[in-house]
Structure formats: structure tokens, C-alpha cells
Amino acid sequence: MDPRSIAAALPYAYEGLPDKAAGGRPLYRGKVRDVVEGPGRLLLVASDRISAYDRILSTIPFKGEVLTRVSAWWFARTSDIVPNHMIPPSELGGRDPLSETGRACLVRKADMVPVEVVVRGFLTGSAWRDYQAGRRVSGIDLPSGLARDSEFPEPLLTPSTKEASGHDRPVSGEELVRSGLVDADLWDQIARAARALYLRGRRIAREHGLILVDTKYEFGTLDGRLILADEIHTPDSSRYWRLPGGDSAPDGARRELDKESFRRWLADRGFTGDGPAPEIPDGIRIETAARYVEAYEAITGEVFEPAGLSTQALDELLAEWTLAV
Ligand SMILES: Nc1ncnc2c1ncn2[C@@H]1O[C@H](COP(=O)(O)OP(=O)(O)O)[C@@H](O)[C@H]1O
Ligand SMILES: [Mg+2]
């Protein structure tokens, strides 16, 4: 999408669901998504808010739509591996919240496992920083002499607990089970599902000229059965590299289709989560929006055409499907 169209959309970036829209139903505001609770189900509304280092910093036009649609695209391509939380239109009288609103979906409310299940294919990001500093990576001892961004022979699971305070704590799978946070059998299922999802994601991304470098899943249970919840393989929950020329090995010429350049812009100005955050100039918001749209188009192979938010469709969904019991 060209920068001028994005610039024109800046004033319409979506801050989130107004309080009154929830009509007194329980409303939880995540960093990015607003969640309205109904009987056994949730309406997830993705705003255009962007967070980095656990702080909400600005809005990026089209971001919420990109995230919602990328997730739906991947859920449809992985449901044979593990069932997910999406409620299909066939169970909603044919209504399709996503196509009606561009940024809302109705999901089954899961009993969430309080763990961010991170799967990594390459030694980069925080794993590289830990490794370089001589620390173990989520309790895993890696061989010495590995190069930055090198590929692991097998995907590495580096879970962290989802802390109420906002900052996540890395733990090993054994520790999760030992501490009683996750039952051993459930963890086994989660670990297997996460690896299979990542490998599937990686293979499909590869066909589109992208590397799914690493990603994060959130699982839950429903009637005792494992389901994949939250989001999947989005540019917020994953690292994606685009390789010019379609090389299979990452190199310095790669283009990052995720939040990494935004994080770097902040870090270059001395912000890594503490103290006052810098004001985000429109130029950075436009550049970031273009990157999200580019990610959508690269991942799905489709041209991004924003649906634009219909508040009427959203109000109808809220009224029809999230009435309190
Ligand atoms: N199917 C589900 N059932 C229950 N909770 C869910 C489900 N899917 C996602 N969630 C939760 O909804 C919230 C989504 O909002 P988000 O902006 O990602 O929040 P956060 O700031 O916690 O990352 C998260 O807390 C996530 O764990
Ligand atoms: Mg989240």
C-alpha cells in the first residue's frame, strides 16, 4: 500500500472499543485487543494499538485488520493439527464477524494455560542475547560456538510464564510441570502441538518466500481438551524474514516483516520499556503500517483491501452474540 493512502488513514486508526459498546458486559482490555465476554464465548476486537516492551505506544492504521485476518488465515491452515478457538460461521447462523467488521472475531472462551509457548527456529533476538551472555536459553544448554541467527537442527521450545505484572519469565518445560502450573500430560500435548504448528507455519511461509523465524502460541482447554487460542503466526506474535532472491539461509540483506524495526527505532532513542516513551512521529507510523500490510500480502499472497470498520456490524455482533447469561 502506498504511503499516501496510509497517511490519509492515520486519523482513522482504531483506538479500541468504546466502553459503552460493551453495554455493561465484562470488558477486558489487552494491550492490543479488547475482549467482551459472553456465555462461553468472547468477542475479540483487534484495535490498531501497537505495544513494544510491554507498553502501548501509538496506533498504526490497518494493524488490527492485518492481525485478525492473518490469524484467521493460519487457523484455517492448521486446524488439523490442533483444534482452535474460532467459532465457524456455520455455528453463527451464517454470520462471519471477520468479513463484516474486518477486525472482530467470535471465539470459544478457553481456560487459558498461563504460558507463552515460544518456538524458535533460529538463534536470534532474546535467545541470542542470553546465549551470548553465557546464560542458558529457557533452561536449555546449547552447544558453544553457534553463530548469531544460525538455524537450530530442531525447533527449540522456550516457554515463559504469563505474569500479571506484564513482564514474562522464561522457564523450562520441566519447571512448568514441576511447579504444578501445567499438568505433565497437558504439557506434553502442548509441546507436540507447538512444534507441529511451527513446522507447518514454516513450510507454508517458505512457499511464500518468507522465513517464520520464531513465534508464540497461547493454548487453553475446553471441556478438558486442548485448543489453540489467541492469535497465530501474526507479525505481532512472530518474527518473519523476507529473503531477497529466495535464499534459504538468513543473511544481512533480509527484510524484517514484524515489529523488530519499530523496537529498534525505540531502542535507538534509549527506550526499552522504562521511563518516558518517545513520541511516535507520523512517518514511523506510516512506515510501520506499510510493513504490516506488506506482511499480510506476503503471508497470504493476497492484495490487502481494508474492510474498514462498520460500527453497526460490530454493535449487531455484540448484541446478538455476547448477551450476558
Ligand atoms: N479463546 C480464548 N479464551 C480466553 N482468553 C483468550 C482467548 N483467546 C485470547 N485470549 C486472551 O485475550 C487477550 C487478548 O488480548 P491481547 O491484546 O493479546 O492481550 P495481552 O496484553 O494480554 O497480550 C489475551 O489476554 C489472551 O490471553
Ligand atoms: Mg497478546
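**Core, overall fold and ligand shell of the predicted model**

In this predicted model, Tyr-240 is in contact with Ala-205, Leu-210, Ile-211, Leu-212, Val-213, Pro-235, Leu-257, Asp-258 and Ala-295, when its neighbours within four places in sequence are left aside. Tyr-240 also belongs to the largest nonpolar core, which has 71 residues, and together with Leu-43, Val-117 and Ala-194 it touches the most other members of that core. Residues of this core come from two domains, with at least three drawn from domain 1 (3–111 + 282–321) and at least three from domain 2 (112–256). In soluble globular proteins, nonpolar side chains tend to be buried together.

With regard to the chain as a whole, the secondary structure consists of 9 helices and 15 strands. The radius of gyration is 19 Å, close to the 20 Å that the globule rule gives for 325 residues, and the chain is therefore as compact as a globular protein of that length. Along the principal axes, the C-alpha atoms fill a box of roughly 60 × 50 × 40 Å, and 37% of the 325 residues count as buried. Among contacts with a separation of 6 or more, 67% are accounted for by residues 24 or more positions apart.

Ligand 1 is surrounded by 16 residues, of which Gly-30, Lys-31, Val-32, Arg-33 and Ala-229 are the closest. Two or more residues of this shell are given by each of strand E2 (33–38), strand E6 (104–108) and strand E12 (210–222). When the shell is divided by class, 7 residues are nonpolar, 3 are polar and 6 are charged.

Note on methods. Residues are numbered from 1 along each chain as its sequence is written. Chains are lettered from A and ligands numbered from 1 in the order in which they are written. This is a predicted model: local features need pLDDT of at least 70, side-chain atom pairs count only at pLDDT 80 or more; totals for chains, interfaces and linings use all residues. Helices (H or I, at least four residues) and strands (E, at least two) are DSSP runs, numbered from the N terminus. The radius of gyration is taken over C-alpha atoms; the globule rule is 2.2 Å times the number of residues to the power 0.38. A residue is buried if 20 or more other C-beta atoms lie within 10 Å of its own, exposed if 12 or fewer, and partly exposed in between; C-beta atoms are placed from the backbone. Two residues are in contact if their C-beta atoms, placed from the backbone, lie within 7 Å. A residue is near a molecule or strand if its C-beta atom, placed from the backbone, lies within 6 Å of it. Ala, Val, Leu, Ile, Met, Phe, Trp, Tyr, Cys and Pro count as nonpolar, Asp, Glu, Lys and Arg as charged, and the others, Gly among them, as polar. A nonpolar core is a set of buried Ala, Val, Leu, Ile, Met, Phe, Trp, Tyr and Cys residues joined through C-beta atoms within 7 Å. Domain bounds come from an automatic or database domain assignment.
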